[in-house]
Amino acid sequence: MRRYSVFAIAREALRWHQGWERAWASPEPRARYDAIIVGAGGHGLATAYYLGKNHGITNVAVIEKGWLGGGNTGRNTTIIRSNYLQDPSAAIYEKARALYESLSQELNYNVMFSPRGLLMLAQTHHEVRGYLRTVHANALQGVQTEFIGPDRVRQLVPIIRLDGPRYPVLGALYQARGGTARHDAVAWGYARACSAMGMHILQNCPVTGVRSEGGRVTGVDTARGFIGCDKLGIVVAGHSGQLAEMAGFRLPVEAVALQALVSEPVKPCMDVVVMANTVHGYMSQSDKGEMVIGGGTDGFNNFTQRGSHQHIEETLRALIETFPMLSRLKMLRQWGGIVDMTGDRSPIIGKTPLGNCFINCGWGTGGFKAIPGSGWAMAELMARGEPGPLAAAFSLDRFREGRFIDESVAAGVAH
Amino acid sequence: MLILTCPYCGIAAEETELAPGGEAHLKRSGPGSSDQAFEDYLFARTNPKGVHFERWRHVYGCGRWFLAARCTATLEVFGTYPAQTPAPPEDILQKIRARRPGWERPA
Ligand SMILES: Cc1cc2nc3c(=O)[nH]c(=O)nc-3n(C[C@H](O)[C@H](O)[C@H](O)COP(=O)(O)OP(=O)(O)OC[C@H]3O[C@@H](n4cnc5c(N)ncnc54)[C@H](O)[C@@H]3O)c2cc1C
Ligand SMILES: [Zn+2]
């Protein structure tokens, strides 16, 4: 891999940019790999990367049915934060946030991590109490957050209306090092680094079957034939149920559509991320100037990557109350992704009933922020066969044992 | 927009008039059941990409619960039937098989 640098740009400028390499290779599959990861989203690619980087396992294939990063990783609103209430969540999301801080240098790829600050608005007294509790929990967990009053909110977000008729802004949970990153670049950066380690990324290659013998996976059937492996990692978000069915077990996961939309580009007006969980909307401004807006999920199972129209209406209706300027903006694009929701709204990183098969799923509406930490923990699990400290609490058997990681109740919202 | 016909009042209701209620025909577990049975009842879900049986409630209409057979990949609706039906009725299964040859109801 030829490194990207200011010197590389100068060199290429002198030869009409003819010398840039392809960022990753598209090789023919081998007959067998030490490890196969199904799904080249951020979590699958990060798993492969840390398998190589932290554990020296590089005979790895990442098999993707479409194009890499074309699932939820390329469809999300890119919010990064770690201000969670429960200890296991705070640990893995803060690990991920900390890795994001230096990910561009680590991967030699600009992922445009922008720790611009993130506010979660408190718009009811219940929310004020909830966020004060989170701030105290975060202090014990070593996650830096603070509760700020309406005046400070107004300073940080000049376009906000504090005294809305239904939900006045009473304060906010503020994480100064939360923010956003470029979603595609995270997938591309990891893919390039994996390819440089000699790993294979096989795109346009759906996995259609999981073969096993005596309780262990032997390999997978794909559009390009059978491929053998010693270890299998399933990291396919919304399609986890399909892969689990192929492997012969059931999951506490349901797939629903989550939507987002962006406005026409406008001049810079908001340089932080604002989430309004009571009314269920959140917004940031992209570098192009678009207001990036996320909404709610549909209540029913759905694989259409579209989502229901009334949810957009609900989101915008609510946000206009807090950001009146939105009423004058045209909306440019809308899209949906299929998110994998678990029974306690926390992810699963764990062993499966098949001895050498591991699963990473259930990130639902909020897994972009977790990509580096999740890959780190999943690689540790796959390399050792046992979860490390980051993954242990997120095992699949917690639903049988009643050890829930109850973040949905705690935060009352996604992302 | 998803449109389901309420089997009680016969109204073709848009999804804004309805509330989704999750997977239908789950086997209920009660006191004395094993942890495994509770996990299956409370959390494990079929989550198919294709034919699915669901509970819905006609909240902004007659208020009653009913069941629907629907495709999660295309949003095609095969039919609706009363909530008290323990298993998908034969006429609905026939409609599904006509539209999805080779389809079998998962065990
Ligand atoms: C609209 C929207 C907004 C969001 N906003 C945020 C946010 O602001 N912050 C945040 O942290 N998170 C957010 N999320 C959630 C986040 O996008 C996901 O949790 C995360 O991207 C999941 O990554 P992944 O790698 O697990 O899944 P994906 O990126 O979906 O990757 C899974 C891959 O598996 C592949 N696959 C599936 N089946 C097969 C098969 N049979 N064979 C081979 N490959 C297969 C898919 O094609 C896909 O590429 C949002 C999601 C959506 C949809
Ligand atoms: Zn009715």
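How many salt bridges does the rule find across the interface of chain A and chain B? In this predicted model, local features require pLDDT of at least 70 and side-chain atom pairs count only at pLDDT 80 or more, whereas totals for chains, interfaces and linings use all residues. Residues are numbered from 1 along each chain as its sequence is written, chains are lettered from A and ligands numbered from 1 in the order in which they are written, and side-chain values use heavy atoms, with hydrogens and water left out.

Two salt bridges are found across the interface of chain A and chain B, a salt bridge being a side-chain nitrogen of Lys or Arg within 4 Å of a carboxyl oxygen of Asp or Glu. Glu254(A) pairs in this way with Arg45(B), and their closest N and O atoms are 3.8 Å apart. On the side of chain A that touches chain B, helix 8 (240–247), strand 12 (253–263), strand 15 and helix 11 (398–401) each give two or more residues; helices (H or I, at least four residues) and strands (E, at least two) are DSSP runs, numbered from the N terminus.

The contact (heavy atoms within 4.5 Å) takes 23 residues from chain A and 23 residues from chain B. Chain A and chain B bury about 2100 Å² between them, with 51% of it on carbon and sulfur atoms. Buried area is the accessible area (1.4 Å probe) that two parts lose on being put together, summed over both. Arg250(A), Phe300(A) and Arg400(A) supply 31% of the area that chain A buries against chain B, more than any other three residues.

Within chain A, the largest nonpolar core has 51 residues, of which Leu45(A), Tyr100(A), Tyr190(A) and Ile349(A) touch the most other members. Such a core is a set of buried Ala, Val, Leu, Ile, Met, Phe, Trp, Tyr and Cys residues joined through side-chain atoms within 4.5 Å. Helix 7 of chain A gives the largest share of this core, seven residues. Apart from it lies another core, of 30 residues, including Ile63(A) and Leu202(A). Beyond its neighbours within four places in sequence, Ile349(A) is in contact with residues including Ile92(A), Trp363(A) and Phe394(A).

His183(A) is placed in helix 7 of chain A and counts as buried at 17% relative accessibility, where buried means under 20% relative accessible area, exposed over 50% and partly exposed in between (1.4 Å probe, protein chains only). Among the residues that His183(A) touches, not counting those up to four places away in sequence, are Arg75(A) and Phe368(A). Gln285(A), in strand 14 of chain A, is buried with a relative accessible area of 7%. A polar atom of the Gln285(A) side chain lies 3.3 Å from the backbone nitrogen of Met270(A).

Most residues other than glycine have a negative phi. His280(A), however, has a positive phi near 60°; His280(A) is located in the loop between strand 13 (273–276) and strand 14 (281–285) of chain A and is partly exposed, with a relative accessible area of 28%. Gln305(A) likewise has a positive phi, near 50°, and is placed in the loop between strand 15 (291–301) and helix 9 (309–322) of chain A.

Notes:
Polar contact = N/O pair within 3.5 Å; in protein donor to acceptor, adjacent residues only side chain to side chain.
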